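Subject: Structure for you to look at

Hello,

Please keep it open while you read.

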Amino acid sequence: MKRFYKRKGLLLAGLLLLVLLITGAGKPSSAVKTAAPAVKAQTIDWNGIKVSWKGVSNAAGYRIYIKTGSGWKIQGEYKSTTRWVIIRNLEFNKKYTFTVRACAETDSGKVWGDYSRTGASAVTALNQPVLGKVSGTSGGLKITWTAVNGAEGYRIYRKDTASGAKWIRIAQISGRSQSAYVDKTAAKGKTYCYTVRAYRMAGKNCVLSNCDRKGITGSTKSAGKKDGIDPDKPMIALTYDDGPSANTPKILDVLEKYDARATFFVVGDRVDGNSSYQSYVKRACELNCQIGNHTYSHAALTRLSQSSIRSQISRCDSAVKKAAGVTPAVMRPPGGSRNSTVDQAVGKPLILWSIDTEDWRTRNASSTISAVLDHVRDGDIVLMHDLYSSTAEASQTIIPELIRRGYQLVTVEELARYRGGMKAGNRYSSFRTK
């Protein structure tokens, strides 16, 4: 009989355990709360902050709270395995405070635990520009850096290398993608140290990033051969017509990356009154590229009188001068269309070409690449158009490949300087030596 009751008791105990498991009575009591996670906040850039925390034992998930003044607001909920998130689209130059709570799964559902009342804070800010190098150019010393996400422009500082010398701001340039500046005031035979700060407007306030106070050093003594060009090595002039356009910055980016130059024959009415296109022309000049005249309205010059031709040239010159402070020294007649009247009226050397990529017709990057790389020779002038995305794409291959082959990518003016020069009214299709 005792064995019977013992077996019955074991059976009842087993049934009770099963009921407890099925009903979830094995979960923690609703009175059990998780500890407050230790939280950190770190500025990522001008509109992003990284929030990280230490995991809590047996946490079923986490909730981030955010505040800028008084009162917490829920920012979001995250999985139990998450330990950090980057929170974006925050207001620039503003302090944000974060705290984190962990939750436990209880018999009454989720219960959110304790949290740090002080939290962790960070301020959205611009990252410090990463300095590149200083190199000698025909116009002065060129300083490069890595563009900063969210920057609206940059301030360039210079100091002498003498002990105790102080930083002096020498320029402020606008443009989110700017990453180079030419110091045209650098004295010959001197060594300078440069640094850069990014800036962005917060209302009426100009907020600056930190800067590398060690800076980067360069000397006009180390500029090398004139213009950095070796006249004994092969050189080519890449030229782009009909711009500027939305594709121009992509070409400028790859030229800058490989320290190469090109000539842009711009249309005046595309530059005139268009602040974005004006900034592209200015940036091209800062990268030591050349700006050529391609008339004011892309006119067929052979159909015009001498006075109308001169008007087309002068109006384009004025638009470029206003945008970048330079006057084009060369011109290219649209379509290469010219006659004796045009030759006499333009008042500049007329630049034609020895390689026509026909990128305007094919609109195909591969075709443009082949047109250049399969036929190029020392002294060539290559015709392309920065109107087309396919040409910008092709330039990403053409430019580094030509450099790999040993070609110097120079402006038309530089090519002519070492290959016999140019005269106003004369036509030039190439500057080949053979």
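The largest cavity is lined by Pro244, Thr248, Phe264, Val266, Tyr280, Val281, Ala284, Ile291 and Asp386; on a 1 Å grid over the protein atoms alone, a cavity is a set of points where a 1.4 Å probe fits but cannot get out, and lining residues have an atom within 4 Å of a point. This is a predicted model, in which local features need pLDDT of at least 70 and side-chain atom pairs pLDDT 80 or more, while totals for chains, interfaces and linings use all residues. Residues are numbered from 1 along each chain as its sequence is written, and side-chain values use heavy atoms, leaving out hydrogens and water.

About 40 Å³ of space lies in this largest cavity, a volume being the space filled by probe spheres set on the points. Helix H4 gives the largest share of its lining, three residues, where helices (H or I, at least four residues) and strands (E, at least two) are DSSP runs numbered from the N terminus.

Phe264, one of the lining residues, also belongs to the largest nonpolar core, where Leu238, Leu255, Phe264 and Leu402 touch the most other members out of 38 residues. Such a core is a set of buried Ala, Val, Leu, Ile, Met, Phe, Trp, Tyr and Cys residues joined through side-chain atoms within 4.5 Å, and buried means under 20% relative accessible area with a 1.4 Å probe, protein chains only. Helix H9 gives the most to this core, with five residues.

Best wishes

Methods: Buried < 20%, exposed > 50% of the residue type's maximum accessible area, 1.4 Å probe, protein only. 1 Å grid on protein atoms, 1.4 Å probe; cavity = no way out; pocket = protein on both sides within 12 Å on 5 of 7 lines; lining within 4 Å.
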